[in-house]
Amino acid sequence: MGYKEIELRVPIAHGEEGIRSQALHSAGVKTGSVTVLRKSLDSRHKHDIRWQVLVGVSSPELQSGTEPPVPSIEPEYKKRDTHVLVIGTGPAGIFAADRLARSGFRVSVLERGPMVEARKQAIASFESGGSFPASANYCFGEGGAGTFSDGKLSSRTKGIQPKRDYVFHRLVEAGAPAEIQAMTHPHVGSDNLFTITQKLRTMLQERGVRFMFGQAATAFHSKGGTITAVETPQGPVEADYVLVACGHSAHDTQRALMAAGVRYQVKDFAIGFRAEHPQELINRAQWGKPSLPGVKAAEYRLACQADGQGVYSFCMCPGGTVVAATSE
């Protein structure tokens, strides 16, 4: 079995079968497996916009080449009696719980808000003129602050490929489109996030993870410089280790940590602004035309240097609703 990696420029109308056919043809073989390794839209030539695709072709007809090993950080399971309490069900908390459970720890997850089903109902009620629920809104509840966004998965951090692949693999297992593992700027998709959040919870529960919804961390008990229990409105929860992933809006939990002697370090913060453009304007600027078949929206970002400081737009959200999502 030989292996070869090939760069392709594929018409945007080509689906998976079209990419496979072109890849086999470029490799000079008739049979074999094709894996899309990277995929991005090449719109430099407005008259000929195509997908830029890196594929790996494995075939018995290839005389040389071996598929490179994929670095993996899948943990080795070893049953342990150690109990770890994770605070928060955002991405940091959920994937920490996943990692710990797969390593054999006993894991509990504390979340001040409700499960995502109840959270969705609370937000719908608020948007229809109802009262603002303090623990079930755009910031708080299962899935964290990004549950009702479009699920961008881009990161400016370098050297995280194994960790990135680990998270993406879990998301695909939970129902995310497989293309996120290859796309340059992957999005889970607003329509998918709700069900993916539910599925991630179910996957963790099947591994023995216990979820405690509607319970905020109100105080921390320590002994000898080590946190031994976390106080909640329903009583204390004892743990050997506590992993705090409460996000930036849980001010009361952060004050409780400070009161328990946990040291905080000041960090630079970013100031956001909103720039609104008609989607067709962006499409024409990037593509030279108002739309492309099979491509939802053109991507872009604004960036400049101002007095030595980098100024850039964080994300682009085609469609959707702009919400002042304060937590209080």
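**Entry 1: tyrosine 3**

I began with tyrosine 3, which, leaving aside neighbours within four places in sequence, is in contact with Leu37, Gly56, Val57, Ser58, Leu62, Ser64, Gly65, Thr66, Glu67 and Pro68. Contact here means heavy atoms within 4.5 Å. I placed tyrosine 3 in strand S1, residues 2-11. Strands are DSSP runs of E with at least two residues, helices are runs of H or I with at least four residues, and both are numbered from the N terminus. I read a relative accessibility of 11% for tyrosine 3, which counts as buried. The classes are buried under 20% relative accessible area, exposed over 50% and partly exposed in between, with a 1.4 Å probe and protein chains only. I also looked up the C-alpha separation of tyrosine 3 and glutamine 63, which is 8.2 Å for 60 residues along the chain.

**Entry 2: basis of the values**

I note that this is a predicted model, in which local features need pLDDT of at least 70 and side-chain atom pairs count only at pLDDT 80 or more, while totals for chains, interfaces and linings use all residues. Residues are numbered from 1 along each chain as its sequence is written, and side-chain values use heavy atoms, with hydrogens and water left out.

**Entry 3: the chain as a whole**

I counted seven helices and 12 strands in the protein chain. The C-alpha trace spans about 65 × 50 × 45 Å along its principal axes. Of the 328 residues, 36% count as buried. Among contacts between residues at least 6 apart in sequence, I found that 61% join residues at least 24 apart. The accessible surface comes to about 19800 Å², and carbon and sulfur atoms account for 53% of this area. Accessible areas come from the Shrake-Rupley method with a 1.4 Å probe; for residues, only the protein chains shown count as cover.

I then looked up the charges: the mean positions of the 37 positive and 32 negative charges are 3 Å apart. Lys and Arg count as positive and Asp and Glu as negative, with His and the chain ends not counted. The place of a charge is taken as NZ of Lys, CZ of Arg, CG of Asp or CD of Glu.

**Entry 4: rings**

Phenylalanine 126 and phenylalanine 132 form an edge-to-face pair, at 5.3 Å centre to centre with 75° between the planes. Phenylalanine 211 and phenylalanine 213 have ring centres 5.7 Å apart and planes at 5°, so this pair is stacked. Rings of Phe, Tyr and Trp (its six-membered ring) pair if their centres lie within 6.5 Å; planes under 30 degrees apart count as stacked, over 60 as edge-to-face and the rest as tilted.

I checked the accessibility of each partner. Phenylalanine 126 is partly exposed at 30%, and phenylalanine 132 is partly exposed at 33%. Phenylalanine 211 is buried at 14%, whereas phenylalanine 213 is partly exposed at 21%.

I also looked for charges over rings. The charged end of arginine 99 sits over the ring of tyrosine 166, 5.3 Å from its centre. The charged end of lysine 120 sits over the ring of phenylalanine 194, 4.2 Å from its centre. The criterion is NZ of Lys or CZ of Arg within 6 Å of the ring centre and within 35 degrees of the ring normal.

**Entry 5: the loop between H4 and H5**

I located isoleucine 180 in the loop between helix H4 (161-173) and helix H5 (190-206). Isoleucine 180 is buried, with a relative accessible area of 0%. Not counting residues up to four places away in sequence, isoleucine 180 touches Leu153, Arg164, Phe168, Leu171, Val172, Pro186 and His187.

Glycine 175 also lies in the loop between H4 and H5, and I found this glycine partly exposed at 47% relative accessibility. From glycine 175 to glycine 225 the C-alpha distance is 42 Å, at 50 residues apart in sequence.

Beyond four places in sequence, leucine 100 touches Val84, Val86, Phe105 and Val107.

Lastly, I looked up aspartate 307, in the loop between strand S11 (303-306) and strand S12 (309-312). Aspartate 307 has a positive phi, near 55°. Most residues other than glycine have a negative phi. I recorded aspartate 307 as exposed, at 84% relative accessibility.
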